[in-house]
Amino acid sequence: MDATSQAVGTTATAGGPVVGGQAGPADPLVPYLSADFPWYGLDEGWTGRRHLLPSGFGGPRAGAHGTVDYGSLGHGEEPARQYEPRDVRKFAVVVTVARRDSRRSADNTGTLEATSASSAAWLAGSGLLAATWPGQLDRALRQDWLDQQSALAWDLADDLAGPGWSTLSLPVNGLPQPFRYRESEYGWVLAGEAPGVLLGAYGRGVSAYGAGFATVPDLTAYTRP
């Protein structure tokens with residue numbers, strides 16, 4: 001969605017209205033609404049807070065129609081913005097990944113491999129790592145820890161049929177769907193498929209066994225305070 005409309009004194013763009021030469025606040029829904037695939041979140045069984053996680057959109061022109069490859073919808077408490085000695089947040093995040101036979105690289109010089117359930121597993125695993133890290137770890141050492149754990153998450157995502165994962169059946173739009181699931185001291189990660197997309201999810205303090213997924217008909221539910 002990249003619509004532009006003009007009126008006297010006001011120009012509405014994808015980034016928000018421009019009034020008198022001043023850009024208004026960006027609409028956080030723009031990149032979501034520009035996607036060419038359905039978004040998934042936790043189903044109506046989740047009665048807690050919902051929120052957008054506006055990072056993680058791929059493509060050389062993220063935000064233009066058809067270039068959004070994936071994104072995340074949050075449930076529960078938002079990720080901490082700074083170091084917390086004892087992180088007790090409870091949350092679940094659903095990652096929706098477009099099915100792509102092939103994709104252009106960010107610099108537009110080549111192509112990337114097709115997306116798969118492993119893509120969803122990797123995005124969910126790396127999301128969990130970014131949202132949680134050992135409280136006793138010095139901030140200066142965090143990047144080394146992230147690099148090490150990200151490499152492990154990549155290897156695990158590339159071997160969904162391996163012993164590092166178990167099978168968990170969860171409802172998607174009311175119908176049971178198999179997912180690959182694993183737990184760690186930092187939380188849980190799962191990955192699988194859904195109509196039209198690939199699904200990943202991660203969380204902590206919220207049971208994955210009681211989760212259910214559904215298409216999101218109205219994303220404004222994720223913009224309310």
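The dialogue below reads a predicted model feature by feature.

Q: Which residues of helix H2 are buried, and what covers them?

A: A helix can be read through its span and then through its burial. Helix H2 covers residues 117-131, and at 1.5 Å a residue its 15 residues should span 21 Å, which agrees with end C-alpha atoms that are 21 Å apart. Because 11 of its 15 residues are buried, H2 is largely enclosed by the rest of the structure. The buried residues are Ala117, Ser119, Ala120, Ala121, Leu123, Ala124, Gly125, Gly127, Leu128, Leu129 and Ala131. Their cover includes helix H3 (142-157) together with strands S7 (70-76), S8 (91-98), S12 (175-184), S13 (187-194) and S14 (197-204).

Q: How many bridges join strand S11 to S12, and how many join S12 to S13?

A: Strand pairing is read from the bridges and from the direction in which the partners run. Strand S11 (residues 166-172) is joined to S12 by seven bridges, and the two run antiparallel. Within this pair, Val172 stands opposite Leu175, while Ser169 stands opposite Pro178. S12 is in turn joined to S13 by six bridges, again in an antiparallel arrangement, and there the bridge partner of Glu183 is Trp188 in S13. S12 and S13 form a hairpin with two residues between them.

Q: Which residues touch the most other members of the largest nonpolar core?

A: A core can be read from its members and from the elements that supply them. The largest nonpolar core holds 32 residues, and those touching the most other members are Trp39, Leu73, Leu190, Leu199, Phe213 and Leu219. Strand S5 (40-42), S8, S11, S12, S13 and S14 each supply at least two residues of this core. A second, separate core has 25 residues, including Ala124, Tyr186, Val189 and Leu198. Returning to Leu73, and leaving aside residues up to four places away in sequence, this residue touches Tyr32, Trp39, Tyr40, Gly41, His51, Leu52, Ala92, Val93, Val94, Val216, Leu219 and Tyr222.

Q: How many aromatic pairs does a search of the whole structure find, and which residues do ring pairs link into a cluster?

A: For ring pairs, both the distance between centres and the angle between planes matter to the reading. The search of the whole structure finds six aromatic pairs. One of them joins Phe37 and Trp39, with 4.9 Å centre to centre and 55° between the planes, and is tilted. Tyr32, Phe37 and Trp39 are linked by ring pairs into a cluster. Phe37 counts as buried because its relative accessibility is 9%, and Trp39 is buried as well, with a relative accessible area of 5%.

Q: Where is the place of Asp27, and is this residue buried or partly exposed?

A: Asp27 lies in the loop between strand S4 (22-23) and helix H1 (30-33). Its relative accessible area is 38%, so Asp27 is partly exposed. Asp27 and Thr223 are 196 residues apart in sequence, whereas in space they are 10.0 Å apart, C-alpha to C-alpha.

Terms used:
Residues numbered from 1 in each chain as written. Predicted model: local features only at pLDDT ≥ 70, side-chain atom pairs only at ≥ 80, totals over all residues. Heavy atoms only, no water. Helix = DSSP H or I, 4+ residues; strand = E, 2+ residues; numbered from the N terminus. Expected span 1.5 Å × (residues − 1). Buried < 20%, exposed > 50% of the residue type's maximum accessible area, 1.4 Å probe, protein only. Contact = heavy atoms within 4.5 Å. Pairing = 2+ DSSP bridges. Core = buried A, V, L, I, M, F, W, Y, C linked by side-chain atoms within 4.5 Å. Phe/Tyr/Trp six-rings, centres within 6.5 Å; stacked < 30°, edge-to-face > 60°.
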